[in-house]
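Here is a short report on one protein chain. Keep the sequence and the 3D view at hand as you read.

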Amino acid sequence: MIVPGWSWRAVVNAAADRVEPLAETAWPFPVALALLELSDAFAQINEPARANAYRQRALAIGTPITGMIVRVMMFHSLSRWNGMSGWILRIFCVPFCGPSL
């Protein structure tokens, strides 16, 4: 439903105003997603300069990389030793340089 006096441009600008303060304090990955969504929205309302600016900011953040390695060793002996040993390595990082197109 279209409300009189209501425009997509006002909605997209309001969304951009809400995302800007979050860009300084929030986790990088959700901010990058929000900036990409804003880029698409500005492209839809025919503002290519702002669309490109938001896309470049999102790509500069990069993408998060997560990983986990689990190593488990079981040892057995006929009469004495039975058990498990191992280690876990977890990594979360965000590269400083995002992908280039």
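## The chain in outline

From the N terminus on, the elements run α-α-α-β-β. That gives three helices and two strands. Helices (H or I, at least four residues) and strands (E, at least two) are DSSP runs, numbered from the N terminus.

This is a predicted model: local features need pLDDT of at least 70, side-chain atom pairs count only at pLDDT 80 or more, and totals for chains, interfaces and linings use all residues. Residues are numbered from 1 along each chain as its sequence is written, and side-chain values use heavy atoms, with hydrogens and water left out.

Of the 101 residues of the chain, 16% count as buried. Buried means under 20% relative accessible area, exposed means over 50%, and partly exposed lies in between (1.4 Å probe, protein chains only). Now take contacts between residues at least 6 apart in sequence: 50% of them join residues at least 24 apart. A contact means heavy atoms within 4.5 Å.

## Helix α1

Helix α1 covers residues 8-25, 18 residues in total. From its first C-alpha to its last it reaches 27 Å, close to the 26 Å expected at 1.5 Å a residue. The expected span is 1.5 Å times one less than the number of residues.

Which residues of α1 are buried? They are Val12, Ala16 and Val19. Their cover includes α2 (28-44) and α3 (48-61).

## How α1 meets α2

Two packed helices are described by the angle between their axes and the distance between the axes. For α1 and α2, the angle is about 160 degrees and the axes are 10 Å apart. Axes are lines fitted to C-alpha atoms, for helices over the stretch in contact, and angles run from 0 to 180 degrees between N-to-C directions. The two helices are therefore roughly antiparallel to each other. Angles under 35 degrees count as roughly parallel, over 145 as roughly antiparallel, 65 to 115 as roughly perpendicular and the rest as oblique.

The crossing of α1 and α2 is left-handed. A crossing is left-handed if the near helix is turned anticlockwise from the far one by less than a right angle, and right-handed if clockwise. On the α1 side, the contact is made by Val12, Asn13, Ala15, Ala16, Val19, Leu22 and Ala23. On the α2 side, Val31, Ala34, Leu35, Leu38, Ala41 and Phe42 take part. By class, this contact has 12 nonpolar residues, one polar and no charged ones. Ala, Val, Leu, Ile, Met, Phe, Trp, Tyr, Cys and Pro count as nonpolar, Asp, Glu, Lys and Arg as charged, and the others, Gly among them, as polar.

## How α1 meets α3

Here the axes come within 14 Å and cross at roughly 25 degrees. So α1 and α3 are roughly parallel to each other. Their crossing is left-handed.

Which residues meet? Asn13, Ala16, Glu20 and Ala23 in α1 meet Arg50, Tyr54 and Arg57 in α3. By class, the contact has three nonpolar, one polar and three charged residues.

## How α2 meets α3

The axes of α2 and α3 come within 8 Å and cross at roughly 160 degrees. That makes α2 roughly antiparallel to α3. The crossing is left-handed.

From α2, the contact draws on Pro28, Val31, Ala32, Leu35, Leu36, Leu38, Ser39, Asp40, Phe42 and Ala43. From α3 come Arg50, Ala51, Tyr54, Arg55, Arg57, Ala58 and Ile61. By class, 12 are nonpolar, one is polar and four are charged.

Start with Ser39 in helix α2. Is Ser39 buried or exposed? Ser39 is buried, with a relative accessible area of 2%. Not counting residues up to four places away in sequence, Ser39 touches Ala51, Tyr54 and Arg55. Gln56 sits in helix α3 and counts as exposed, at 54% relative accessibility. Its C-alpha atom is 8.9 Å from that of Leu36, 20 residues apart along the chain.

Asn46 is exposed, with a relative accessible area of 65%. Asn46 has a positive phi of about 60 degrees although it is not a glycine. Glu47 is buried, at 17%. Glu47 touches Arg9 and Phe42, again leaving out residues up to four places away in sequence.
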